[in-house]
Amino acid sequence: MEVTRFDELGLSEPILRAITEMGFEEATPIQAKAIPVVMSGKDAIGQAQTGTGKTAAFGIPILEKVDVKSKNIQAIILCPTRELAIQVAEEIRNLSKFMHGIKILPIYGGQDIVKQIRSLKAGAQIVIGTPGRVMDHMRRKTVKFDHIHTIILDEADEMLNMGFREDIETILKQIPEERQTVLFSATMPKAIMDIAKTYQNDAQTVKVVKKELTVPNIEQYYYEVKPKNKEEVLSRLLDIYDPKLSVVFCNTKRMVDELVSALQGRGYFAEGLHGDLKQSQRDRVMSSFRNGKTEILVATDVAARGIDVDDVDIVFNYDLPQDDEYYVHRIGRTGRAGRKGRAFSFVVGKDVYKLKDIQRYCKTKILAQPIPSLNDVKNTKVDKVLEKISGIIEEEDLTLMIDIIEKHLNQEDYTSMDVAAAFLSLALGEKQEEQPREFDFGNTGAEEGMVRLFINIGKKQNIRPGDILGAIAGESGMPGKLVGSIDMYDKYTFVEVPREYASEVLKAMENAKIKGKNISIEPANQK
Ligand SMILES: Nc1ncnc2c1ncn2[C@@H]1O[C@H](COP(=O)(O)OP(=O)(O)OP(=O)(O)O)[C@@H](O)[C@H]1O
Ligand SMILES: [Mg+2]
């Protein structure tokens, strides 16, 4: 593919210098296509996948077009959320770092309006705001529209979804007609075309649309879960994949609050973000997430659009989104600027149909994944410790440590294997003694009086159903009491046992080996 350098786009020296300082080596395809169009002053509609640099695609031309000698507002950018307004202002500020006399001001609800008015009075050429607050200033006449020559609607379709249509139309009517109107988003549903027809003039569409709407470097999987198991499955996935940062989307504020408490209770660094929080709280959560103190951001769709945080490794759809577009935007919080990412969606019952719609809309495949077992979680932890140990053995001088261990072995009657195993147990950081486990079997899909147990045989091993039934009978000391069918496929299988013995079978089988191989067993209620 042809590569466009920023210095081929006819940009001024201070901006090129800022771009270099920001570490952008070449223009992204949407930047290469949109910057010349937006600079030309034409109305435009820009569409490109999430995380592909749309902000700079409109931010750079705006900076090129403002007159820093004038203190009037010349460009206005509307964003659907406060967090996004702050972020867009920050990106444009970075791009304008070497321009003297430029003032860029975010104005959004929840922030002290008196302070905002004072800043506006001091003069700013570019204002970035949420529609509600901009309307507020318009009514107070604290934002003057008469010198605005450019208006950008970032996430234009979302602002319509949120019911800002009237506000946007009112604002557009206030801005001089010879203005330039530009819309950007990763998705462009039909409703947006009405706005385009009414309020734009001969708009040029600039699209960098691949076959699929989602970014190809995001691995997408789904897990079929029962609602009450979501929390446990999420924890297992967090433990196995160990993301540096992750975003978990829920459909309601209440679910966000509940999940945050649950995750915090389990010892994760999780915080919630939704519209009922005070602005100071929202700001605190966002900055804590940006600097990595909060590792898991649990959010409603307020965080679905535009939010750009490095190192988001995984996006979870704890609840499947209501609308197809939201899937695109939500998972787009990972895999930004060419990085890799993962998107895991939880699917409950009829959600599978919704998932089919989403796949059709996005033109991507979302594959099913089995829920990791507790054994899988443990194995991952063990693998990580062993990997670290290999590193230490290869890179460090261990002579002194070996001396200490040797002395210890001489004093006590231990083998080096005992010591190594004890250290491993210590490194895993969990009490290895058996925790009493409460089993809540619920309805596992088995027939009356029976409970279905889920068995993970591990990597395809040659174990026959008879071996498993035999082992269960042997381990639990209940020969002949095992009734029921066995359904073997791939590396998983189900067995059915009478409900009253299910707990004992589970406990007896926890550390069972068949043909010397470990298997794991658990209630099948999440399958
Ligand atoms: N040319 C470039 N080279 C490298 N990184 C870039 C370039 N342009 C922008 N970026 C960075 O890529 C990231 C994503 O950019 P941005 O937030 O503008 O994406 P977007 O297309 O608006 O995504 P979304 O649809 O989610 O809003 C940002 O961190 C931005 O600084
Ligand atoms: Mg964006």
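The following legends describe close-up views of a predicted model.

**View 1. The shell of residues around ligand 1.** Ligand 1 is surrounded by 19 residues. The closest of these are F24, G53, K54, T55 and A337. By class, the shell comprises nine polar, six nonpolar and four charged residues. Helix α3, spanning residues 54–65, supplies the largest share of the shell, namely three residues.

**View 2. Ligand 1 and the two domains.** Domain 1 (4–207) contributes residues to the shell around ligand 1, and domain 2 (218–372) does as well, so the ligand lies between them.

**View 3. The annotated span of residues 4–32.** An unreviewed UniProt entry annotates residues 4–32 as "domain: DEAD-box RNA helicase Q". Within this span, 45% is helix and 0% is strand. The C-alpha atoms at the ends of residues 4–32 are 6 Å apart.

**View 4. The loop that holds D242.** D242 is located in the loop between α10 (230–241) and β9 (245–249). Most residues other than glycine have a negative phi. D242, which is not a glycine, has a positive phi near 45°. D242 has 14 other C-beta atoms within 10 Å and is therefore partly exposed, as this class lies between the limits of 12 or fewer for exposed and 20 or more for buried.

**View 5. The loop that holds D311.** The loop between β11 (296–299) and β12 (312–317) contains D311. The phi of D311 is positive, at about 65°, although D311 is not a glycine. D311 counts as partly exposed because it has 14 C-beta neighbours inside 10 Å.

How values were computed
Residues are numbered from 1 along each chain as its sequence is written. Chains are lettered from A and ligands numbered from 1 in the order in which they are written. This is a predicted model: local features need pLDDT of at least 70, side-chain atom pairs count only at pLDDT 80 or more; totals for chains, interfaces and linings use all residues. A residue is near a molecule or strand if its C-beta atom, placed from the backbone, lies within 6 Å of it. Helices (H or I, at least four residues) and strands (E, at least two) are DSSP runs, numbered from the N terminus. Ala, Val, Leu, Ile, Met, Phe, Trp, Tyr, Cys and Pro count as nonpolar, Asp, Glu, Lys and Arg as charged, and the others, Gly among them, as polar. Domain bounds come from an automatic or database domain assignment. UniProt positions are given in the numbering used here, feature names are shortened, and annotations may be inferred rather than shown by experiment.
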